[in-house]
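Colleague: I am new to reading protein models, and I would like to go through a few features with you slowly. Could you show me the one we will work on?

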Amino acid sequence: HNPSKVGAGANSARPAGDGVPNLIKYALGLNPTNFATDAQLPSGGIQPDGGTNYLTLTINRAAEPPDVTYIVEVSSNLLGGWVSGPPNTVTLTDTPTQLVVRDDTPVPGGTARFIRLQVTNP
């Protein structure tokens with residue numbers, strides 16, 4: 001995270017060459033110059049609830065930086081229509097070290113479902 005947001009320290013820069021932008025690494029508490037492993041990155045899954053399965057996203061973080069916002073979005077396609085918050089998503093866990101968000105549309109519901117993490121730093 002670089003307050004000047006330029007060069008290798010820019011929020012969108014990927015100095016480790018792993019494709020993960022600095023802002024995401026900062027939000028997850030990772031070193032921007034080290035290669036991120038799959039275990040350190042957000043992971044999707046299916047969670048049963050009352051006999052119905054739901055898509056979930058788990059974000060493990062070293063701490064919750066006060067200057068970033070985590071937004072988990074869902075969509076029925078990858079081209080657009082991304083939405084977040086009730087009634088589209090349900091936050092299951094929100095601690096300084098973990099955020100778990102569930103899509104509120106059951107799967108399989110006859111349509112494809114996608115879930116992603118957006119991080120903003122005003």
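Modeller: We will take strands, one serine and some ring contacts in turn. This is a predicted model, in which local features need pLDDT of at least 70 and side-chain atom pairs count only at pLDDT 80 or more, while totals for chains, interfaces and linings use all residues. Residues are numbered from 1 along each chain as its sequence is written, and side-chain values use heavy atoms, with hydrogens and water left out.

Colleague: Which strand is joined to E5 by a hairpin?

Modeller: Strands (E, at least two residues) are DSSP runs numbered from the N terminus, and two of them pair if DSSP finds at least two bridges between them. Here a hairpin of two residues leads from E5 to E6, and these antiparallel strands share six bridges, with Thr89 partnered by Asp103. Strand E6 also runs antiparallel to E2, through seven bridges.

Colleague: Is Ser75 buried or exposed?

Modeller: Buried means under 20% relative accessible area with a 1.4 Å probe, protein chains only. Ser75, which belongs to strand E3, counts as buried because its relative accessibility is 1%.

Colleague: Where is the charged end of Arg102?

Modeller: A charge sits over a ring if NZ of Lys or CZ of Arg is within 6 Å of the ring centre and within 35 degrees of the ring normal. The charged end of Arg102 sits over the ring of Tyr54, 3.9 Å from its centre, and that of Arg61 sits over the ring of Tyr70, at 4.5 Å.

Terms used
Helix = DSSP H or I, 4+ residues; strand = E, 2+ residues; numbered from the N terminus. Buried < 20%, exposed > 50% of the residue type's maximum accessible area, 1.4 Å probe, protein only.
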